[in-house]
Amino acid sequence: MPSWFFRSLVPFILLLSSIFFLLAGIRFTNALWGLAIAIPLLAIALLDFVQTRHSLRRNYPLIARFRWLFEDLRPYLRSYIVESDLDGRPFNKDERALVYARSKNEISTHPFGTELDVYSDEYEWLSHSIVPNDAVSEELRIMIGGPQCTKPYSAAILNISAMSFGSLGGNAIEALNMGAKKGGFYHDTGEGSYSKYHAKHGGDIVWELGSGYFGCRDAEGHFDDEKFRATATLDQIKMIEIKLSQGAKPGHGGVLPGTKVTKEIAETRGVPAGENCISPVAHSAFSTPLEMLAWAARLREMSGGKPVGIKLCVGQPHEVFAIIKAMLESDILLDFIVVDGAEGGTGAAPVELSNRVGMPLREGLILVRNALVGAGLKDRIRLGAAGKVVSGAGLAINIAVGADWCNAARAFMFSLGCVQSMKCHTGDCPTGVATQDPFRQRGLVIGDKAERVYQFQKQTVAALRDIVVAMGLENPWQIRPHHLHERLNSAKSSSIDYIYPFLENRVLIEAPDDTPYAQYWAAAQAGSFRARPSVKQTLHDQDADP
């Protein structure tokens, strides 16, 4: 058959159907209903046949549109029909189901044993004790604030990670904050600044400052002291977090197109409505580790003595050590460091960055833990972790390798009703979470979802407590690397302290050459994030070794 026959077949059938229903309608009135269907379909088919923008529609009128229909339905069909319980990504069905069940205060137990292959490298486990300890406190909190902080903050062990108003809709922000208020945990603003939706219900806030300085910037986009002071001194603001990078797109700025900069977003961020909103790649308030610490000290003073820290996805190790050396040299200490893993999520990121740039959470967390312990600073600087945290086991594993507390973003989105439709970047989120569309947001009922946010956090922390009880410990912070085991292959496993290095206190100061980080420590300098020229080539050669 010639190709033109198939191209013309659908319009030809619709044309014949229209003629048939028209003639039948002369005698049988009910037949005109068929005409009401056939004529619009014929019009669409003819439009596809003559248009020049899409070759598939031009070659296969009308029926080619089913391709786009199934593309739109693909995430749902895959999630509900195709995937097994452990297949889905970024989060599989079991992980999502756990969050949904806990957020609804439903049964979250699992029948018939683990579905994991316990002899494959997907399996890792925490060592339990013959003598469990049921005296573990149900209130698991950590005090954040070093010796230079006059208003330390008692943080929950699980909190809401950075998600901006703009990325999420107003209803979602309100529900998150209302849940945080009820549960006594904090809500990170993300770099989109502190909005009226964050303020409405009074939940604890960590204000994140990105390179755009939204909410505290002047007309040129530079940091404005007075605007910062006006917000940072509010009672609801508990800590200040300087965002150096984020897991999903480390080292990348961004542009929010002017068409998306609504009046509300413009007021929140301190930018003109309807104009492109630019997040620069790097901060303009500092360019060296020493300058960053001096600025952090100013932020702490202007906020009234509140804890100030940084958030980063670890990249080049010598840059982390440069920050450590700057603290030792200047005697200005950060109050906390949050490590964001490369597996972290965002509303939109270049695929190349989210897939191939940045250190995963475990490696990044261990490196920063070693930097703090090795320099003798870990007892004064708290360490947070963010990146795909959905369960009590995830909390325990992060604590085992150095974290003092954890933050979660997408897990809390699931508690709001997110179905992982992968439409965050389009504004077409079907559950009203990641959208500014008033109609779509209408489906997210604030009071109902706030209760789910509260229940998810409460029950996940309770699950962590159950693990600590089973391990026979007194609190989660007693979990150590030797409690965590990982498979090397189907026949061998080891505790994680035999797989990764865990430094002893002050060893980087007293004997750096005895550590695996000797070259990185030597390359680091307090006055620059760049490697020392004298060891830069050595680092290059080391990285190039097979």
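Begin by selecting phenylalanine 112, which is exposed at a relative accessible area of 89% (buried means under 20% relative accessible area, exposed over 50%, and partly exposed in between, with a 1.4 Å probe and protein chains only). The model is predicted, so local features need pLDDT of at least 70 and side-chain atom pairs count only at pLDDT 80 or more, whereas totals for chains, interfaces and linings use all residues. Residues are numbered from 1 along each chain as its sequence is written, and side-chain values use heavy atoms, with hydrogens and water left out.

Phenylalanine 112 has a positive phi of about 70 degrees, although it is not a glycine. Its place is the loop between helix H5 (93–103) and strand S1 (helices, H or I with at least four residues, and strands, E with at least two, are DSSP runs numbered from the N terminus).

Next, select strand S1 (residues 124–126) together with S14. These strands pair in the antiparallel sense over three bridges (two strands pair if DSSP finds at least two bridges between them). Leucine 126 has leucine 484 of S14 as its bridge partner.

Now display the side chains of S14 (residues 484–487). Leu484 and Glu486 point one way, while His485 and Arg487 point the other way. In a regular strand the side chains alternate between the two faces of the sheet. Are the four residues of S14 buried or exposed? All of them are buried.

S14 and S15 form a hairpin, with five residues between them.

Then move to arginine 506, in the loop between S15 and helix H18 (507–510). Arginine 506 is not a glycine, yet its phi is positive, at about 65 degrees. Its relative accessibility of 35% makes it partly exposed.

A disulfide is a covalent bond between the sulfur atoms of two cysteines. How many disulfides does the structure hold? It holds zero, where a disulfide is counted as a pair of cysteine sulfur atoms within 2.5 Å.
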